[in-house]
Structure formats: structure tokens, C-alpha cells
Amino acid sequence: MRNTAPDKVLSQKINIITALSSDGEVWIALTTCNTDSDVLMLFMRYLAAALSKESVDWRDSTVFVLDGVSAY
């Protein structure tokens with residue numbers, strides 16, 4: 001009998017979260033199969049912080065398009 005109970009089972013799967021800008025900049029995060037909405041929001045939080053360092057008014061000219069994102 002096992003003495004541990006995993007919250008999520010890990011597999012040999014890697015997910016990639018990528019943000020691309022029209023200026024050619026790329027932000028990438030590699031995650032395990034545990035990628036869920038919390039992980040995506042964490043990526044977006046750090047992306048927003050990085051964009052804020054580059055330009056104060058990035059929100060005025062930025063559109064996010066999420067493709068292939070499933071809600072858990």
C-alpha cells in the first residue's frame with residue numbers, strides 16, 4: 001500500500017505557452033502536463049510585468065489571442 005496520494009498524475013508530456021509580438025519578441029514557458037488555468041494566469045501575470053517594464057502604455061496597443069487553450 002502506498003503512503004502518498006498524488007494530487008495530479010504526471011506523464012511525459014510538455015506544454016508550451018508562447019507569446020509573440022508584432023515586433024518579433026517572444027516569451028516562452030515550458031510546463032508539465034499539469035498546465036491549467038492557474039499556470040496560464042501565472043504566465044500572463046509575468047508577461048504583463050515584462051511588458052510594463054518595456055512600455056508604460058502597452059495596454060493601449062495590445063490584443064491577446066488565446067488559441068488552443070482549454071478551460072479546466
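Leaving aside neighbours within four places in sequence, with which residues is I28 in contact? I28 is in contact with I16, I17, T18 and F43, where contact means heavy atoms within 4.5 Å. The model is a predicted one, in which local features need pLDDT of at least 70 and side-chain atom pairs count only at pLDDT 80 or more, whereas totals for chains, interfaces and linings use all residues. Residues are numbered from 1 along each chain as its sequence is written, and side-chain values use heavy atoms, with hydrogens and water left out.

The protein contains one helix and two strands, and from the N terminus on its elements run β-β-α. Helices (H or I, at least four residues) and strands (E, at least two) are DSSP runs, numbered from the N terminus. Of the 72 residues, 22% count as buried; buried means under 20% relative accessible area, exposed over 50%, and partly exposed in between (1.4 Å probe, protein chains only). The accessible surface comes to about 6,400 Å², of which 55% belongs to carbon and sulfur atoms. Accessible areas come from the Shrake-Rupley method with a 1.4 Å probe, and for residues only the protein chains shown count as cover. Among contacts between residues at least 6 apart in sequence, 25% join residues at least 24 apart.

Strand β2 holds both I28 and T31. I28 counts as exposed because its relative accessible area is 56%. Its C-alpha atom is separated by 5.7 Å from that of I17, a residue eleven places away along the chain. T31, by contrast, is buried, with 14% relative accessibility. Between T31 and I16, which are 15 residues apart in sequence, the C-alpha to C-alpha distance is 6.3 Å. When residues up to four places away in sequence are not counted, T31 touches K13, I14, N15, I17 and V39.

In soluble globular proteins, nonpolar side chains tend to be buried together. The largest nonpolar core here has eleven residues, namely I17, A19, W27, A29, L40, F43, M44, L47, A48, L51 and W58. Such a core is a set of buried Ala, Val, Leu, Ile, Met, Phe, Trp, Tyr and Cys residues joined through side-chain atoms within 4.5 Å. Two or more residues are given to this core by each of β1, β2 and α1 (37–54), and the largest share, six residues, comes from α1. W27 touches I17, T18, A19, S21, F43, L47, A50, L51 and E54, with residues up to four places away in sequence not counted.

L20 is placed in strand β1 and counts as exposed because its relative accessibility is 67%.

The count of aromatic pairs comes to one. W58 and F64 form this edge-to-face pair, with 6.3 Å centre to centre and 80° between the planes. Rings of Phe, Tyr and Trp (its six-membered ring) pair if their centres lie within 6.5 Å; planes under 30 degrees apart count as stacked, over 60 as edge-to-face and the rest as tilted. W58 is buried, at 8% relative accessible area, whereas F64 is partly exposed, at 42%.
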